[in-house]
Amino acid sequence: MRTHLAALLFLAHRALSQDTGGIIAGVWLDDPDTPQAFNARMGLKMGSFQVATSIPYDLDAAGIIYNDPHTEKQYAYLSNVTRWTDGTNASVFMTAYADMRHPDGRRGMDLVTDESITRLAIRLNAISGRQVFLRWLPEMNGEWMLYGQKPVEYVALWIRMYGIFRATAPRVVLVWSPNLDIADPSYFPGEQYVDWVGCSVYFKGYGVNSLIDQSSAATTMSACYSYAQQYNKPFVLSETAAGWEIGSGVSKLSGATLVASNEVDHPTFTKSFWAGILNANVFAQFPLLRGFYIFEVAKQEEDFYRDYKVANDSAVTAAFLSLIPPVRQYLIFASDVAVTSATSVASSSSRATLSATLETAADTSAPVVTASPQSFTKTASASGFPSASGSAIFCVLAFFILQLQ
C-alpha cells in the first residue's frame, strides 16, 4: 500500500511542479526596486518575481565562505522573499550563480559544495505561500560565466544539485536555462533531472535603435525551445527584453565607435519587441511556453548603455501595456493575499520522510500534460499552479503517507 501511495504522491508532485496551464507574467527587478512598487507603476499584479543569489552565498576578502546570509545588511530586500510586501501570491523565480572567486584560486563551480546547495535548498523550502522556481547556473554555454563552457563539470554538478533538492526541497521547480545560442546537447543534464527549460532572449541594435521585426523573439528562442519540444517540458523565457541604447559605444557589428542613433522612438522600439512575444500567434507557435520574465534593468554594458525597462518611462509603459488586453486571457497574474512576514516550515522529520518517499517513488517517465492556449487561464491559479485539486491531492496524500510511517 505504501508503494502505491508513494507513486500517487510523486504524480501529484509532478502535477504541481511541471505545468502551470498558463503563461506566467513575470519580471526581474533590480535594487532598489520592489515588487510592490513595480506593481503600482504597471497597474498589474505580476505573477512572478525573479531575484538572484550567489552560491555559495558570500565570500569575504579573507577567503571565509558563507553559505547563508551572515548579516542583516547583506540580506538584500529582493533576496529576502519573506519580507516582500506586495500582498500577493506571486511566485519566486530564484536564479543562482556560481560567481565567486576565492583568494586561493578556486572559482565558480569549484566552490559549490553539497553544504552550500543544501543551505540554499533549505532557504527556498522555507518560503511559504508562493510557488518557488530555481534557475540553476544559467547561460552555462556562455564564456562570460565563471562556470561557462564546461559541460562535463556542469552536468555533474547539476545532478548533485538535483539529488539534494529532491531530498530537501521537493516542491521547488528546477529550471535548466541556457543562453539563446545553445547548440551543444552535452550541457543538458537529462530529461529525468530537469523540470522546466528556459532561455535568455534579447534584442540589441549595436548602435541603432530601430523597429524590431515581430519574428525576432521567436527566431531567437527556437534553439532553446527545441529542448522543451524534445522532452515535452514547460518552457520559460527566463529573462527577455530589448535594449534601448544611449550614448556612444563600439558597435560589435562594425567595430566602429559611434553614437547610438534612433530610427524610431523609445516606446515604439520597446513595443515592437514585445509584440513578438505577447501575441496569440506566438503562443500557438510555442504551445509549451509557460512564462516570461521582463528584464527590468538599465545598465552600462561592454559596448553601450542599455535601458531594458518597460516601467522606467510613462510612454514606454503605456506602449507595453497596450499589448496586454488582447492576450490577457492567456496570462497568469497574481491574486491578493494577507501580507505576513512569517514563514511556515514543516518539521525536520516530516520533511525528511516526505522527501525520502518522493525520492524512492520517482518515476521520471510520467508525461507532462500541457494545455492549449485557449484553456490557459481556466486551468491555473494566479500563482501559476493548479490551486485546488492539485494542492489538495498533494497535501492529503502527503499526510496519509506520513501517518503510515
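Two strands pair if DSSP finds at least two bridges between them. Helices (H or I, at least four residues) and strands (E, at least two) are themselves DSSP runs, numbered from the N terminus. The model is a predicted one: local features need pLDDT of at least 70, side-chain atom pairs count only at pLDDT 80 or more, and totals for chains, interfaces and linings use all residues. Residues are numbered from 1 along each chain as its sequence is written, and side-chain values use heavy atoms, with hydrogens and water left out.

**Exercise 1. Follow the strands**

Task: Find the bridge partner of Val-175 in S8, then trace the pairing onward from S8 to S10.

Solution: 
- Step 1. Begin with strand S7 (residues 173–176), which runs parallel to S8 and is joined to S8 by two bridges. Val-175 has Trp-196 as its bridge partner in S8.
- Step 2. Now look at strand S8 (residues 196–204) and S10: eight bridges join them, and they run parallel. Here Phe-203 is partnered by Ala-242 of S10.
- Step 3. Move on to strand S10 (residues 235–246), which pairs with S14 in the parallel sense over four bridges. Thr-240 has Ile-294 as its bridge partner in S14.
- Step 4. Finish with strand S1 (residues 23–28), paired with S14 in the parallel sense over five bridges. Gly-26 stands opposite Tyr-293 of S14.

**Exercise 2. Buried or exposed?**

Solution: 
- Step 1. Set the cut-offs: buried means under 20% relative accessible area, exposed over 50%, and partly exposed in between (1.4 Å probe, protein chains only).
- Step 2. Turn to Asp-104, in the loop between strand S5 (91–97) and H3. Asp-104 has a relative accessible area of 48%, so this residue is partly exposed.

**Exercise 3. Describe two helix pairs**

Task: What is the packing angle of H3 and H4, and what is the packing angle of H6 and H8?

Solution: 
- Step 1. Two packed helices are described by the angle between their axes and the distance between the axes. Axes are lines fitted to C-alpha atoms, for helices over the stretch in contact, and angles run from 0 to 180 degrees between N-to-C directions.
- Step 2. Helix H3 (residues 114–125) packs on helix H4 (residues 151–168) at about 40 degrees, with the axes 9 Å apart. That makes H3 oblique to H4, since angles under 35 degrees count as roughly parallel, over 145 as roughly antiparallel, 65 to 115 as roughly perpendicular and the rest as oblique.
- Step 3. List the contact (heavy atoms within 4.5 Å): among the residues taking part are Ile-117 and Leu-120 of H3 and Met-161 and Phe-165 of H4.
- Step 4. For H6 and helix H8 (residues 314–321), the angle is about 30 degrees and the axes are 8 Å apart. H6 and H8 are therefore roughly parallel to each other.
- Step 5. In this second contact, the residues of H6 include Pro-267 and Trp-274, and those of H8 include Val-316 and Phe-320.
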